[in-house]
Amino acid sequence: MTDAKAGPAVGAGKPGFDRGLLPPMLLGSVLNPINSTIIAVALVPIGRALGAPAAQTAWLVSALYLATSLGQPVVGRLIDVFGPRRLFLLGTGLVGVAGVVGALSPNLGVLIGARVLLGFGTCAGYPAAMALVRSEAERTGRDSPGGVLTALAVANQTIAVVGPLLGGLLIAVGGWRATFALNVPLAVAAVLLGLLRLPKADPASGSTRHGHLAARLDLPGMGLFAAMLVTLLLFLMNPHPSDWYLLALSAAAAAAFAVRELRAATPFVDLRVLGGNTPLLATYGRALVAYVVAYAFLYGFTQWTEEGYGLTPFHAGLVQMPMFLLAIGVSIVSGRSTGVRGKLLLGAAGQIVACLVILTRTGDSPLWTLLLVALVFGVPQGLNNLALQNSVYFQADPERTASSAGLLRTFAYIGSMVASSATAASFGQHADTGGLHRLAWVMLGAGVLYLLLTLCDRTLGRASGAGTRASA
């Protein structure tokens, strides 16, 4: 899938992409999605074992994404400055620690803590992969990462296929604790691959020649960013009028963050560059609403198939398989084209159609209709992830590839937090059909907004053209 041999168009003697980097890149990038998909079928068994309702087990989803939303851009910036190797090894090692803590958790509080550790531990994988793609492009003199970016998308889709099914199987064999213990061997494998394959030389050394360490990292900016994001996400987890002060704190932190970043010599997030990069800002906005729909389906629909429809966790995982299998095929086929506008429009249409079908489902619906819903969702699942990822690669400042990729995940995780909050509010104490329909209306609204954001974005043609030229 990668263009490993130099052709006449790029000049004889130029090296190709180092395929030895692919194993750690792919494994590191999938640690987060595998934990996302496995927990989807584990929420009900965990709730039953620990006596926690759906509104409380939703924190297992929110905790991971709260940590990852904060950690992705921070770790991405560290990777931009120091290179991917050290951050990759530190993050994947933390995943193993989180696996042990989760497997031994005596109560829901400790289990939520383990998910926080997982969130921070999985932060390095995706930004490191994107940084390696960029550094290889600079080393080889060829900016043609289409095959590698498609491989990353397909790997995530493949894990999404395996996740629910594997989660159901692990729960059937070893209980829900086995879904946390799985992280230990995965982390060991990732650390070993990182030690063996990732370059020891610092590819970002050019950005670390000047200035004091703290100034290069912009620690005050990171702190204000954390305060802004944490207070916002805490409100989104359980929105209530009495918690208005969280929004006020978030707004105050955002204002202070903006002032700091505009004055900093080496800002954590360069707001001047970001503010002038309309295509990238639009991509972040689309990511937020797209993932509201995607994660509401992943968690809400799965919970309903178990509680409202009566499937076992294993069978609930099987119901998800058509979506992920089709998504893999869609990613592979569509990955041959660098254009994004058509992918985004078709992805938006697929989300809207799937939401409309969900509104017609009840506890008495035939099983094949649930498989149909999952199948329809496979189209946007395969198109949106790849289109958004490719957009960021070509739209971002090359010096900030990792942190820009981290910000993409942050906006996606904010969308997941909105989805988690909407799921908890829609279901309450029990995931029944009425709650599913309430959730479907929220998903439909987000899907329509996603379509409108794509239709009104006149920069997509230019972004696609940039991608085409870069891969030529």
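What is the mean pLDDT of the chain, and what percentage of its residues reach 70 or more? The mean is 81, and 88% of the residues reach 70 or more; pLDDT is the predictor's confidence in each residue, from 0 to 100.

This is a predicted model, in which local features need pLDDT of at least 70, side-chain atom pairs count only at pLDDT 80 or more, and totals for chains, interfaces and linings use all residues. Residues are numbered from 1 along each chain as its sequence is written, and side-chain values use heavy atoms, with hydrogens and water left out.

**Confidence at two stretches**

Contact means heavy atoms within 4.5 Å.

| Residues | pLDDT | Contacts in the model |
|---|---|---|
| 1-12 | under 50 | 22 beyond four places in sequence |

**Overall fold**

The chain has 19 helices and zero strands. Helices (H or I, at least four residues) and strands (E, at least two) are DSSP runs, numbered from the N terminus. Of contacts between residues at least 6 apart in sequence, 84% join residues at least 24 apart.

**Interior**

Of the 472 residues in the chain, 58% are buried. Buried means under 20% relative accessible area, exposed over 50%, and partly exposed in between (1.4 Å probe, protein chains only). A nonpolar core is a set of buried Ala, Val, Leu, Ile, Met, Phe, Trp, Tyr and Cys residues joined through side-chain atoms within 4.5 Å. The largest such core holds 136 residues, and those touching the most other members include Ile-39, Phe-297, Tyr-299 and Met-443. Helix H13 (residues 278-307) gives the most to this core, with 16 residues. Beyond four places in sequence, Tyr-299 is in contact with Ser-36, Ile-39, Ala-40, Leu-43, Val-61 and Tyr-65.

**Surface**

The chain exposes about 17,700 Å², of which carbon and sulfur atoms supply 69%. Accessible areas come from the Shrake-Rupley method with a 1.4 Å probe; for residues, only the protein chains shown count as cover. Leu-326, Leu-367, Trp-368, Leu-371, Leu-372 and Leu-375 make a nonpolar surface patch of about 520 Å². Helix H16 (residues 367-395) supplies the largest share of the patch, five residues. Leu-375 lies in helix H16 and is partly exposed, at 38% relative accessible area.

Terms used:
Patch = residues over 30% accessible without salt bridge, like charges linked within 9 Å, V, L, I, M, F, W, Y side chains within 5 Å. Salt bridge = Lys/Arg side-chain N within 4 Å of Asp/Glu carboxyl O.
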